[in-house]
Structures are given as structure tokens and as C-alpha cells.
Amino acid sequence: MSKSLKRVRAALEAAGTEITIVETPLARTAADAAAAVHCDIDQIAKSIIFRGETSGEAILFVTAGGNRVDADKAAALAGEPLGKADAALIRAQTGFAIGGVSPIGHINPIRAFMDPRLLEFDQIWAAAGTPHHVFAATGIEVQKLSCAQVSDFKSQ
């Protein structure tokens, strides 16, 4: 079991949740994950990381799989201009590789924002630290575990 997957499992266990992690053929994209677990694409909690141009920190936006993050709205929420986060920053701050970034289990604290669309479902699916693993939870569980601020940042 990968270190990333172990961290996500440990975060779920520490929270006292009885959430099962599922292995899939591939869940690198929201479409891959939705097909693998047979759900609507908006039930996929997509982790999008930006780089804060002032702070240099990774900032997480957890959005419904069919939504896109509006860069201007996201920057306003973050309180600083945002740029593209490279793989090295994402790995250094979260401990995850691109394609497997979970909204929980990061190796360092991260500012996080969550799409309110994810709260509309009884069950959503999120990456569990690898491109092949996901876990199901309620939107509220993911929001609490990620300490994300529920905010509107989607593109129109």
C-alpha cells in the first residue's frame, strides 16, 4: 500500500469514519472516476490546486467533477493572485502526486475551499491518494475532514 493511500486511510480512521476505500482501474480524472464507480460526474470531488502568487503556498479547491474553477473567484477567496501549481509544489505541500490528490490526508496544512454543489448529494467520491483509489463519503464529511470553506468559485 502506498504512503499516500496509507495517509488517507489514517485520516479517515482518525476521524472515526467507517469509509471504505475502493480500488479502480483508473481514477486520474473526474470522468475516469465517475465511470469506475458508476456515478454522476458531479458526484466526484475533484481536487484542484493553485499556487498562491504572494504566499507561494498550494491552495486547494474541491469542486464537483463537472464544474470548472473560475480563477478570478478563486483568487478573491484566497485573498491573493493565483497561478498554476507545479507537480513539485503539490507533492511538497500535500504529499500527493497529480492525479491522486485527496482532499484529506495532506502532509502539511493547506487552505481549502469546497464547491457547494458537492453538498447536494447523499454520496460523493474523492481521490484516496493515488490515481487508482477513491473513497465515498457525504459532502459534509469531506468538508469537515478537509476543513474546507464552502464557497462559490465555479465558472459560469
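His 133 touches Leu 5, Ile 21, Val 22, Glu 23, Thr 24, Ala 126, Ala 127 and Ala 128, leaving out residues up to four places away in sequence. Touching, or contact, here means heavy atoms within 4.5 Å. This is a predicted model, in which local features need pLDDT of at least 70, side-chain atom pairs count only at pLDDT 80 or more, and totals for chains, interfaces and linings use all residues. Residues are numbered from 1 along each chain as its sequence is written, and side-chain values use heavy atoms, with hydrogens and water left out.

Let us stay with His 133 for a moment. His 133 lies in strand S7; helices (H or I, at least four residues) and strands (E, at least two) are DSSP runs, numbered from the N terminus. Is His 133 buried or exposed? His 133 is buried, since its relative accessible area is 15%, and buried means under 20% relative accessible area, exposed over 50%, and partly exposed in between (1.4 Å probe, protein chains only). The side chain of His 133 also makes a polar contact with the side chain of Thr 130, at 2.6 Å. A polar contact is a pair of N or O atoms within 3.5 Å; within protein, one must be able to donate a hydrogen and the other to accept it, and residues adjacent in sequence count only if both atoms are side-chain atoms.

Strand S7 (133–137) leads us to helix H2, where strand S2 (44–52), strand S6 (124–127) and S7 are among the parts covering the buried residues. Helix H2 spans residues 30–37, and its buried residues are Ala 30, Ala 33, Ala 34 and Val 37. Why do they sit on the same side of H2? They do so because they cover an arc of only 100 degrees around the axis, where the arc is that of the directions from the helix axis to the C-beta atoms. An α-helix has 3.6 residues a turn, so residues three or four places apart point the same way. Just after H2, His 38 takes a positive phi of about 55 degrees.

In the loop between H2 and S2 you will find Asp 42. Asp 42 is buried, with a relative accessible area of 12%. The side chain of Asp 42 makes a polar contact with the side chain of Arg 117 at 3.1 Å. Apart from neighbours within four places in sequence, Asp 42 is in contact with several residues, including Ala 64, Gly 65 and Phe 121.

Now follow S2 itself and see which strands it pairs with. Two strands pair if DSSP finds at least two bridges between them. S2 and S6 pair in the parallel sense over two bridges, and Ala 126 in S6 is the bridge partner of Ala 45. S2 and S3 pair in the antiparallel sense over seven bridges, with Phe 50 opposite Ile 59 in S3. These two strands form a hairpin with five residues between them, and Gly 56 in the turn has a positive phi of about 75 degrees. S2 also pairs with strand S4 (residues 82–84) in the antiparallel sense, over three bridges; there, Leu 82 in S4 is the bridge partner of Gly 52.

How many aromatic pairs does a search of the whole structure find? The search finds three. Rings of Phe, Tyr and Trp (its six-membered ring) pair if their centres lie within 6.5 Å; planes under 30 degrees apart count as stacked, over 60 as edge-to-face and the rest as tilted. The rings of Phe 50 and Phe 61 have centres 5.6 Å apart and planes at 85 degrees, so this pair is edge-to-face. Phe 50 lies in strand S2 and Phe 61 in strand S3, so the pair ties together parts that are eleven residues apart in sequence. The rings of Phe 61 and Phe 113 have centres 5.1 Å apart and planes at 15 degrees, so that pair is stacked. It links distant parts of the chain, with Phe 61 in strand S3 and Phe 113 in strand S5, 52 residues apart. Phe 61 counts as buried at 0% relative accessibility, and Phe 113 is buried at 4%. Together with Phe 153, the residues Phe 50, Phe 61 and Phe 113 form one aromatic cluster.
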